[in-house]
Amino acid sequence: MRYKLILSDNTGNSVDLYSDPNIRLISTDGIGFSANTATMKLHDYDGAFFQGNSLQQRVITLMAQYYGSYSQTDEQAKNRLMRIIGHKNPIRLRYITDNIDVYIECRTEQVSTPPNTYPMVTQISLICPDPYWRKSGDNSIVMAGIIPLFEFIIGIPESGMEFGDIKAGTITDLWNGGTVESGTLFIITANQTCSNPRLLNLRTEQFIQITIDMDAGDVLEICTERGKRSVWLTHNGVRRNCFSRRTRGSEFFQLVCGSNPVKYSVDSGGDRAVDIVCKFDTKYGGI
């Protein structure tokens, strides 16, 4: 089976710790599933009741060993790794096998290379404020609008070919294939005058509706991701905050693991009044 564990920064530098000829990973810790921190409140009698739980920030420890060669010495290999982890820039750690391709965002917490050791080793401590691994790639789903079908081919057959298709229906199953629930970004673009767009999760019966009139070309963005919850409307090139325009009972619902049939509607304008694209991350509690 193919394995890759790639450290990269935002300037294009990267090292694959599984296949680099001069830098090899010899141990790792903190990449698996972490225990939740539960919050309890004591009763006046025996026992307690559950208030909630949370997953703390993740700390990943890597131990790298250097192998000198004719093309690169141990010290040169170490400096190449330090260009990625030895500064204040964000770091991405990506894990790839034949079955999964995920990444996590990190910051360098501590780096230690004991002197006068052979072979030379470096211990790296990475801190991840967001503890979840995320699936690599584009996770966009068209809920309403044009689904692109065009692909580059050698030639177009005489019978013709489809370049796109109109997504029919008002219900779309947003499948969350991860191991934890995920927030999402709904991008709603008006094709004509309409009002009060509404999104209903039929599995959880949660909904969010925005009391607003939209003209053709207006774009409404609803983000339900925890820590990033927001509602923005772009009208005539001007973007304004519409967080307070939520109707009573609206919730920034999450996509639970598995099936999430979500229905959209508008109070006026009809089913074809809007195009909707949903973007969300498939998250994993560990690998």
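Predicted model: local features only at pLDDT ≥ 70, side-chain atom pairs only at ≥ 80, totals over all residues.
Local features need pLDDT of at least 70 and side-chain atom pairs count only at pLDDT 80 or more, whereas totals for chains, interfaces and linings use all residues. Residues are numbered from 1 along each chain as its sequence is written, and side-chain values use heavy atoms, with hydrogens and water left out.

Rings

- The charged end of Arg92 sits over the ring of Tyr103, at 3.8 Å from the ring centre.
- Three aromatic pairs are found in the whole structure, a pair being rings of Phe, Tyr and Trp (its six-membered ring) with centres within 6.5 Å, called stacked with planes under 30 degrees apart, edge-to-face over 60 and tilted for the rest.
- The rings of Tyr3 and Tyr18 have centres 6.1 Å apart and planes at 85 degrees, so this pair is edge-to-face.
- Tyr3 has a relative accessible area of 42% and is partly exposed, as is Tyr18 at 35% (buried is under 20%, exposed over 50%, partly exposed in between, with a 1.4 Å probe and protein chains only).

Cavity

- The largest cavity has a volume of about 30 Å³, a cavity being a set of points on a 1 Å grid over the protein atoms alone where a 1.4 Å probe fits but cannot get out, and its volume the space filled by probe spheres set on points joined across faces, edges and corners.
- Its lining (residues with an atom within 4 Å of a point) includes Ile188, Arg198, Tyr264 and Ile276.

Note on methods: Lys NZ or Arg CZ within 6 Å of the ring centre and 35° of its normal. 1 Å grid on protein atoms, 1.4 Å probe; cavity = no way out; pocket = protein on both sides within 12 Å on 5 of 7 lines; lining within 4 Å.
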